[in-house]
Amino acid sequence: MAPKAKIFDKYIVMELQLGNIDRCRKLYIKYLEWSPQNCYAWIKYAELENILSEKERARMLFEEAIRQPQLDMPELLWKVYLEFEISEKEFERTRQLYERLLDRKMDLKVWISYAKFEAEGEANDSLLEEEKKKQCIQHARRVFERADNCLNAPELKEARSALLEEWLNMEASFGDLGDVSLVNASCQ
């Protein structure tokens, strides 16, 4: 009758403690009908589905959430969605998500996060053989090169400088596989 975020949150927690999952879903649906811009509600609902091993439902919720015309914390929503796909070892889906995010917003933080994801690659699971590590590094370099091209306007001088610094640090962290001369060549 008088919806408020706190009431929804408390009610959902209570139903969850009672084990009424279907009731929780109905409450989340009502919550999101009342406040579709609330990223916290979208994230919590997707996390509930993930905990219940309903991966496709969680993915569907994330997809629906990022389609909302207005969100109160879109960066957080995208970050959680990317982390979800990485935790599911859906690396190709993660790449597609990064590309979709970059289509919406060419942000320095997104570029750096994408490059770090590529550098780590599938290394999140195990030690990679030398050839696989080289591939991951190549993917990360391509992301940095694309970012450098996109941030090459005079008004984006500070962002480009921060990007090149991050790229230089990453190349140095690769050890023998790193090549700081690539970054130096981009600075010219």
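A pocket is an open set of points on a 1 Å grid over the protein atoms alone, where a 1.4 Å probe fits, with protein on both sides within 12 Å along at least five of seven lines. Lining residues have an atom within 4 Å of a point. The model is predicted: local features need pLDDT of at least 70, side-chain atom pairs count only at pLDDT 80 or more, and totals for chains, interfaces and linings use all residues. Residues are numbered from 1 along each chain, and side-chain values use heavy atoms, without hydrogens and water.

**View 1. The second largest pocket.** Its volume is about 220 Å³, the space filled by probe spheres set on the points. Helix 3 gives the largest share of the lining, 5 residues. Among the lining residues are Asp9, Tyr28, Lys44 and Ile51. The lining divides into 7 nonpolar, no polar and 3 charged residues.

**View 2. The largest pocket.** This pocket has a volume of about 490 Å³. It is lined by 17 residues; Glu75, Trp78, Lys79, Leu101 and Val110 lie nearest its centre. Helix 5, helix 6 (91-104) and helix 7 (108-120) each give two or more residues. Helix 5 supplies the largest share, 7 residues. By class, the lining has 8 nonpolar, 2 polar and 7 charged residues.

**View 3. Helix 3 against helix 5.** Helix 3 (residues 39-51) and helix 5 (residues 74-87) pack at about 15°, axes 9 Å apart. They are therefore roughly parallel (angles under 35 degrees). The contact (heavy atoms within 4.5 Å) includes Trp42 and Ile43 of helix 3 and Leu77 and Phe84 of helix 5.

Methods. Axes fitted to C-alpha atoms, helices over the stretch in contact; angles between N-to-C directions. Helix = DSSP H or I, 4+ residues; strand = E, 2+ residues; numbered from the N terminus. Parallel < 35°, antiparallel > 145°, perpendicular 65-115°, else oblique. Nonpolar A, V, L, I, M, F, W, Y, C, P; charged D, E, K, R; others polar.
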